[in-house]
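Try each task before you read its solution.

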Amino acid sequence: MARQTVVLGAGMVGVSIAWHLRQRGHEVTLVDRLQPGRETSFGNAGIIQREAVRPYPFPRDVKTLLSVLPNRRVDIRYRPAGMVNAASPLLRYWMNSAPKAYQKIVPEYASLIQLSLKTHGPMIDAAGAEHLVRRQGWLELYRTPEKLAARIKEAEEARHLYGVQFEQLDRAALEAKEPSLSDTIIGAIHWLDPWTVADPGGLVAAYAQAFSNDGGRILQADIKSVQQMGDRWQVNTAAESLEVDNVVVALGPWAGSWLKELGYHFPTFVKRGYHMHYAPQAPAKLNFWVMDAEVGYLLAPMNAGVRLTTGAELDRLDAPADVNQLGAAEKVARSVFPLGERRDDAPWKGARPCLPDMKPVIGPAPRHPGLWLAFGHGHQGFTLGPATGQLLADMMEGQPTAIDMAPFRADRF
């Protein structure tokens, strides 16, 4: 008899897990309050970041920390209530960003990133979603030679250690690729490996449709409770109750609060972010995804328009939106590329689910047989969803995994 599994959360991570389990013959129900790909996965920058072998550390040098204090930077903002609310995990994040600790984390994290393209590929094929994907990499823009040179040194190390491919662009080479950029940008790194996606939420929805076409079930309903019933599990939703062998919690920024009901207290926190779409001013055209690296925002030529995504905002998950960060990013972006009118009625707001050692939890819950966890992917849930799906499915089937999963164990906290 096929194993029965409920996957909670229909973002990139949850959909990918459901797809992989269905491929292995599980009877799978994917549950979310919204349609697949309409929460966190909807609003990201749309890059499958094979180059992102280093997670984002907490700033530790005094100059950067002092520059953050006035709370006017584009790349990172905070609200005092949010900082107090997440004080303990943020302190641990700062400690894990120390050179010795971070040096150990990077190769563990990179082992996941290295699986990203090879695990997205089969899902793109199965979903017939090739029309959403561009295999041309993206551009990391620089304003000063010194910072570009420092980043090139990091890129060369990533190429040596992790096979990351890139090309350095001077102003002339950059202008050939992006003629509409301001001449304040003096050069760039062209990351060659990554794939970009013209509709991130649409790609998740396409993966979910492939899962459904293969016999998977999608239930759109509010989740009310999750209870262990002997050696089985009962998932109660607003629509119906489900009794299954396995439950997978892939609830992104909501995973930590849900798991408290089962006695787990993970040090979760969120980095919130915003986006807005714009029309380009004719005749300008943006050809590549571009990040203004020294300021901290990204522009992406998506189906809905040129999407501007902001850096991180440290605040409570459910705090009201503060669009000042987006406004600051837009002001700078307009000086770099000729953006036209806004296309959205209001900015989109989402939250990246984070853990203080910058690595997700992927694997079994420590005290509950049949409960599986997949959350805390930070900035890279969109990139790492399919890899997480493959790895977790292997673990649930008792099969060997492509990488060592010990660094991602739930009981490390």
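**Exercise 1. Burial and overall form**

What percentage of the 413 residues of the chain count as buried? Then judge the overall form of the chain.

*Solution.* Keep in mind that this is a predicted model.
- Step 1: take burial. Residues that count as buried make up 56% of the 413 in the chain.
- Step 2: list the secondary structure. The chain holds 12 helices and 23 strands.
- Step 3: Along the principal axes, the C-alpha atoms fill a box of roughly 65 × 45 × 45 Å.
- Step 4: check the contacts. Of those between residues at least 6 apart in sequence, 76% join residues at least 24 apart.

**Exercise 2. Surface and charge**

Find how much of the accessible surface belongs to carbon and sulfur atoms, and how far apart the centres of the two charge sets lie.

*Solution.* 
- Step 1: the accessible surface of the chain is about 17200 Å², and carbon and sulfur atoms account for 51% of that.
- Step 2: count the charges. There are 45 positive and 43 negative side chains.
- Step 3: locate the centres of these two sets, which lie 4 Å apart.

**Exercise 3. Inside the core**

Which residues have the most contacts inside the largest nonpolar core?

*Solution.* 
- Step 1: the largest nonpolar core contains 79 residues.
- Step 2: Val7, Ile17, Leu203 and Leu392 have the most contacts inside this core.
- Step 3: pick Val7 and leave out residues up to four places away in sequence. Its remaining partners include Ile17, Leu21, Val31 and Val248.

**Exercise 4. Backbone exceptions**

Locate a cis peptide bond and two residues with positive phi, and say whether each of those two is buried or partly exposed.

*Solution.* 
- Step 1: Most peptide bonds are trans, and most residues other than glycine have a negative phi.
- Step 2: the cis bond joins Ala282 and Pro283, with omega about 5 degrees. Pro283 sits in the loop between strand S15 (269-280) and strand S16 (290-292).
- Step 3: Asn71 has a positive phi of about 65 degrees. This residue is in the loop between helix H2 (62-68) and strand S4 (76-78). With a relative accessible area of 22%, Asn71 is partly exposed.
- Step 4: Met358 has a phi near 70 degrees. The loop between strand S21 (348-354) and strand S22 (361-364) holds Met358. Its relative accessible area is 9%, so Met358 is buried.

Definitions and conventions:
Residues are numbered from 1 along each chain as its sequence is written. This is a predicted model: local features need pLDDT of at least 70, side-chain atom pairs count only at pLDDT 80 or more; totals for chains, interfaces and linings use all residues. Side-chain values use heavy atoms; hydrogens and water are left out. A nonpolar core is a set of buried Ala, Val, Leu, Ile, Met, Phe, Trp, Tyr and Cys residues joined through side-chain atoms within 4.5 Å. Buried means under 20% relative accessible area, exposed over 50%, partly exposed in between (1.4 Å probe, protein chains only). Contact means heavy atoms within 4.5 Å. Helices (H or I, at least four residues) and strands (E, at least two) are DSSP runs, numbered from the N terminus. Accessible areas come from the Shrake-Rupley method with a 1.4 Å probe; for residues, only the protein chains shown count as cover. Lys and Arg count as positive and Asp and Glu as negative; His and the chain ends are not counted. The place of a charge is taken as NZ of Lys, CZ of Arg, CG of Asp or CD of Glu.
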